[in-house]
Amino acid sequence: MILHLSKSLSSEQISEYALRHQAVHYTNNEHVVFVLPSAIKSVPEELKSYTQDSWASDSDIQLASKSYRNNVREVAWGKTRIGGNTQSTVMIAGPCSVESEEQLEVTASLLNEMNIVNMRAGAFKPRTSPYSFQGMGEDGLKLLAKMRDKYGFSIVTEVRDATNVEAIIEYADVIQIGAKSMYDHGVLRRCGKANKPVLLKRGFGSTIQEFVQCAEFILSGGNEQVMLCERGIRTFETKTRFTLDLCGVSYLKEYTNLPVILDPSHAMGYAYGVADLSRACVAMGIDGLLVETHPNPKVAKSDASQQLNHEEFRALMKTLNPIANAVGRKMV
Ligand code: PEP
Ligand code: MN
């Protein structure tokens, strides 16, 4: 159950009541927000006089639910905005990993020329094998910051684990928590206290319930700017890397208040399917689309098979706006 309590409560009272009612709590500009276990269906007697509003929940999807907030949250994504009433589908593009200044610069100038303002690339890569490229680390973050300074981009880049979360919070405009880190509670809790938006990717072996509950860890820490990213789940199918769960996307749109971003690149795993999937994603009326593109995918140090070359990326972009328009949105 969610309670909006009066800010007249002292910090001692907040701690005492929270302990007694097993409430996770944070304070925003308007209220003290208490989140009690969803099994509690009525406002506890001693909190009644402080309660300004309350919502009983039918599962532990609470702060992220449409029953709590009927409209999709609007999140500040660097200089742009995503979700809410923007009617935008925000494009987020760039290589899988930062590999060198030259590589990043070539993609950055392409994005700039195409008026794409959100650049992605990983510097701390959570790889499947310890023997493959692990990312450039902090040097990679510095190169991303350089592109931001030069082109005015907003940068989204991923946290690998607790050892680099502080660096990501410092450098990124949007913090990405990758599929393999979705369950890293140290990272989730730290991001709950961060003053930057978070893009949480779905673990490929996780249910929607588990995915959104991870978002609840960030939200209940007091960070109200959380976005969900569907990037494919593991099924019995092996011809494609993962299976993009578009049914799940419909569920998220219907029942959660968080902006939804789709990543067809990681789902498909092969460049040949990314354009078709991107068009299908935009047709679903989503808040954002994340696509990997690299100047020369053949030599990419990670996710080589799925990255679009720049020609393919340009061709894809030309086809998206009419589809976005058909569902009442625009690509930004
Ligand atoms: C990525 O965005 O490059 C990435 C590693 O994605 P995911 O966490 O979805 O595998
Ligand atoms: Mn990748």
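Q: Buried means under 20% relative accessible area, exposed over 50%, partly exposed in between (1.4 Å probe, protein chains only). Is Cys96 buried or exposed?

A: Cys96 is buried, as is Glu292. This is a predicted model, with local features needing pLDDT of at least 70, side-chain atom pairs pLDDT 80 or more, and totals for chains, interfaces and linings using all residues. Residues are numbered from 1 along each chain as written, chains are lettered from A and ligands numbered from 1 in written order, and side-chain values use heavy atoms, without hydrogens and water.

Q: What coordinates the manganese ion (ligand 2)?

A: Cys96 (SG), His266 (NE2), Glu292 (OE) and Asp303 (OD), at 2.1 to 2.3 Å. Donors are N, O and S atoms within 2.8 Å of the metal (3.2 Å for Na, K and Ca); water is not among the atoms, so sites may look incomplete.

Q: How are those donor residues spaced in sequence?

A: As C-x169-H-x25-E-x10-D. Cys96, in the loop between β7 (88–94) and α2 (101–113), and Glu292, in strand β14 (residues 288–292), link distant parts of the chain, 196 residues apart. Helices (H or I, at least four residues) and strands (E, at least two) are DSSP runs, numbered from the N terminus.

Q: New topic. How does β5 run against β6?

A: Antiparallel, with 4 bridges joining β5 to strand β6 (residues 80–83). Strands pair if DSSP finds at least two bridges between them.

Q: Which residue in β6 is the bridge partner of Ala76?

A: Arg81.

Q: And what is in the turn?

A: The hairpin of β5 and β6 has 2 residues between the strands, and Gly78 in the turn has a positive phi of about 55°.

Q: Which residues of β5 are on its covered face?

A: Val75 and Trp77, while Glu74 and Ala76 are on the uncovered one.
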